[in-house]
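Trainee: I'm new to this one. Can you put it up and walk me through it?

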Amino acid sequence: MGLTPASSVSRVAYDPPAQEGWVTTRLEFLVNWGRANSLWPMPFGTACCAIEFMATAASRFDLARFGMERMSFSPRQADVLICAGRVPFKLAPVIRRIYEQMPQPKWVISMGACASSGGMFDNYAVVQGIDTIIPVDVYVPGCPPRPEALIYGIMMLQDKVRQQRSLSNDTQYDELTIDPTSHLYIPASRIDELSEPFGNSVHQTRSAP
Amino acid sequence: MTVVLPGAALPSSTPDPVTPRGLPNRGGEVNPSVEALRAQFGAAVKRHEVTWGETGVWVDPTRIREIVLWLRDEPTQQYDYLVDITAVEHRDAEAPLEMVWHLRSLPYRRFLRIKSALDPAATLEVASIEPVYKSANWLEREVFDMFGITFTGHSDLRRILMWEGYAEGFPLRKDFPLRGRFSRSEQLSQALSANPDARYSMEELSVADAFHELPADMRERLLREQGHG
Amino acid sequence: MATTTRTVEVELATQTIGADGALRRMPLTADQHGVVMPMDLAPGTEPDMGSERMLINIGPQHPATHGVLRLVLELDGETVIRCVPHIGYLHCGFEKIGEYRQYNQIIPWTDREDYLNSMGNNVAYALGAERLFGIEITPRCTVLRVIAMELSRIISHLVWLGTTAIDMGAFTPFLWTFQERETVYNLWESWVGARLTTSATRIGGMAADLPAGWIDGLKGFLRSLPKTLDETDRMLTKNGIWVGRTIGLGVMTASEAINYGLSGPMLRASGVAYDVRKDFPYLDYDTYDFDIAVGTKGDVYDRYLVRMEEMRQSVRIIEQALERLPDGPINVDDPRVILPPKIKATSEMESMIHHFKLVMEGPRPPVGECYVATESPKGEKGYYLVSDGTSKPVRWRIRPPAFVNLSAISKMAEGHLLSDVIAINASIDIVMGEIDR
């Protein structure tokens with residue numbers, strides 16, 4: 001009836017609408033709809049953005065309409081890690097660990113300028129963007145972002161979740177481990193040299209240090 | 001029930017305090033404690049200056065603990081409240097590194113700034129005033145963390161804001177660059193390898209009697225870090 | 001048929017007379033079928049039932065630590081023997097970066113350290129910097145800053161109230177207090193353009209003057225806030241659970257509180273009537289008629305009562321300030337620090353150069369140093385600025401009240417139960433941004 005097992009599909013000629021059946025696509029839609037409308041956030045709130053996150057969860061902006069009022073402070077039960085606030089280097093292993101403790105499927109929203117890129121804290125103490133530590137799905141800029149902005153970011157994430165191929169064998173959440181022998185590998189010190197004129201390096205010169 | 005009222009040691013005819021206005025840059029009324037300090041400690045009190053209405057007095061760093069103890073316990077001084085401990089390093093390489101203590105006397109409603117000059121080229125060491133004021137505990141740990149000044153006699157001098165194995169140095173020194181000494185990727189890899197599980201001090205681990213159960217490399221690192229403080 | 005009930009006492013151990021004639025409790029265990037029987041012990045050994053101590057770790061990621069605080073507790077059963085706080089998980093190098101920024105550029109940084117009291121911090125820093133420059137602000141600016149500081153105090157206490165209630169299990173006051181904060185957010189957004197991180201002051205004045213209708217909005221807030229406070233009061237103050245969870249906890253006597261350097265509501269709840277607004281006044285606080293709340297026992301319940309009363313006193317101060325708000329310029333007329341009006345800067349050469357110099361180089365104060373303390377909702381907040389005559393300070397020191405207050409948690413938590421530690425931590429009203437800077 002049109003249901004083709006995945007093993008017989010040739011990877012080169014992968015044509016989802018032709019290969020998948022109606023039941024599978026409907027099931028996938030249902031799973032994605034369920035996931036998108038009940039994302040349980042894990043609020044990794046550190047600073048001012050955490051206060052705006054709390055305001056978003058409060059009565060005026062109300063995250064409960066998105067199914068997100070159940071804050072999961074245990075990463076084991078969370079879907080989306082919302083990193084709200086600046087992350088100093090001392091906190092970096094903590095957020096890494098918490099991300100690793102979350103079960104699949106998981107997403108990450110980087111809320112605020114400091115979580116996205118280090119923000120105004122371009123100094124010795126702050127991680128210049130949590131995407132150097134964990135993979136990020138949605139970046140919400142602002143200092144702090146208004147609750148409406150955070151909700152916009154959450155809705156973007158919901159769109160992303162709805163479009164995922166949740167039932168296929170390809171999981172999109174496998175993190176690649178770095179292979180130093182690969183011809184694509186660039187050592188960290190070389191990356192520092194290359195990016196020197198563009199920031200991030202400690203050797204950059206600017207008129208306002 | 002007794003309420004402790006600030007200004008209790010002042011005569012009852014003293015007017016209530018008002019918002020200060022028109023303070024001069026230099027000069028003005030000197031805090032009477034300076035005179036009393038000179039009378040008590042003589043040469044240990046080097047000089048004083050009144051800036052914007054606040055009196056700052058420079059003292060000999062080796063005698064800071066007895067000076068502060070006297071200021072707290074002497075009935076005519078009663079500096080019972082430690083406001084802050086910090087250090088200032090000036091941009092000029094010739095200038096000394098100044099240790100600053102801010103004291104308040106609640107009964108007399110006075111504010112005093114005590115400063116000590118340390119030679120930045122020599123070992124930075126000064127006596128801890130933790131036995132006098134308990135609030136000095138964390139304040140001195142922070143000055144140690146940020147400037148590298150050792151406080152002798154402190155009960156638990158280790159880093160407080162940076163993690164205990166932080167290898168880049170002392171951040172608030174002027175020779176420490178704003179973005180740190182290492183490259184960003186190096187800072188990140190050092191931070192990620194600082195396992196948060198292992199972030200217990202020796203004191204806590206000895207309590208749990210678990211030191212001997214730790215893996216060898218962790219034991220080694222903790223013993224090594226004891227040296228860094 | 002009459003049913004009779006019989007109370008069965010279940011003992012966790014049986015009592016026997018030991019070899020030395022003393023009464024001993026014999027521990028019980030259960031076999032694989034759940035049958036209870038005495039635990040077999042080697043002769044001569046003492047059953048060690050409760051003496052194993054646990055070392056547990058709360059945080060740094062935890063809902064009830066109010067930020068990234070890590071508490072390591074040594075527990076004997078559920079009693080805390082020792083509590084060691086670890087901080088620094090939000091250390092972002094504020095004081096270092098202050099040495100690389102002009103005096104006006106530091107103002108956005110003051111928002112982010114104690115982010116619940118951003119206007120209060122802006123004003124406190126501006127007072128410190130203006131003293132360093134030797135500038136006297138205009139009367140209108142003085143009164144507006146009082147309004148800003150007191151509003152800031154109210155909303156900081158509202159967050160404290162909401163989060164403390166939620167830590168102890170009362171969820172609804174959180175929603176009420178955050179709804180009140182939204183009104184103030186609207187006011188601030190219309191005044192300076194930001195809800196939370198306001199950057200409202202500048203050296204010598206404010207970022208902007210009040211828009212039309214702002215005062216009516218503020219008066220509306222002043223009418224609605226006491227009602228919310230009364231509602232929360234009715235819900236919590238005489239509530240058996242609330243009182244049971246807060247009374248007698250974390251007691252600090254007056255002399256201990258002074259020696260530990262506590263300030264703000266923590267100190268006043270212990271019976272020391274020290275308020276920077278009364279004892280070392282600034283912004284003409286000596287001319288306002290308000291009371292300070294002082295507690296009797298220094299426990300968590302007293303701190304709650306002190307903060308509730310402080311909010312009501314802040315309303316009183318704002319009402320007086322509104323009555324005396326004068327018209328006039330908001331910025332001082334001093335070309336060393338104040339930018340020329342935009343329309344002149346874009347049309348007159350002189351003003352353009354003036355604007356350029358002030359923005360690129362920044363205003364330069366005379367050589368000197370000063371420490372100005374203000375009463376923030378957490379306690380004595382002061383900025384110690386040292387200048388060497390250039391446009392960037394040599395040292396920008398933030399005297400953090402929550403840092404010094406938190407250092408006393410080891411003393412306060414010892415001997416209490418695990419759930420009390422959460423209540424005590426909540427009563428300190430910590431903001432990790434200020435503690436770690």
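Trainee: How much space lies in the largest cavity?

Mentor: About 90 Å³. A cavity here is a set of points on a 1 Å grid over the protein atoms alone where a 1.4 Å probe fits but cannot get out, and its volume is the space filled by probe spheres set on the points, joined across faces, edges and corners. This is a predicted model, where local features need pLDDT of at least 70, side-chain atom pairs count only at pLDDT 80 or more, and totals for chains, interfaces and linings use all residues. Residues are numbered from 1 along each chain as written, chains are lettered from A in the order written, and side-chain values use heavy atoms, without hydrogens and water.

Trainee: Which residues are closest to its centre?

Mentor: Cys48(A), Cys49(A), Gly85(A), Cys114(A) and Cys143(A), out of 15 lining residues, meaning those with an atom within 4 Å of a point.

Trainee: Switching topic, how many residues of chain C are in contact with chain B?

Mentor: 71 residues of chain C, against 67 of chain B, with contact meaning heavy atoms within 4.5 Å.

Trainee: And how many salt bridges across that interface?

Mentor: The rule finds 12 between chain C and chain B; each needs a side-chain nitrogen of Lys or Arg within 4 Å of a carboxyl oxygen of Asp or Glu. Asp284(C) and Arg21(B) form a salt bridge, at 2.9 Å from N to O.

How values were computed. On a 1 Å grid over the protein atoms alone, a cavity is a set of points where a 1.4 Å probe fits but cannot get out, and a pocket is an open set with protein on both sides within 12 Å along at least five of seven lines; lining residues have an atom within 4 Å of a point.
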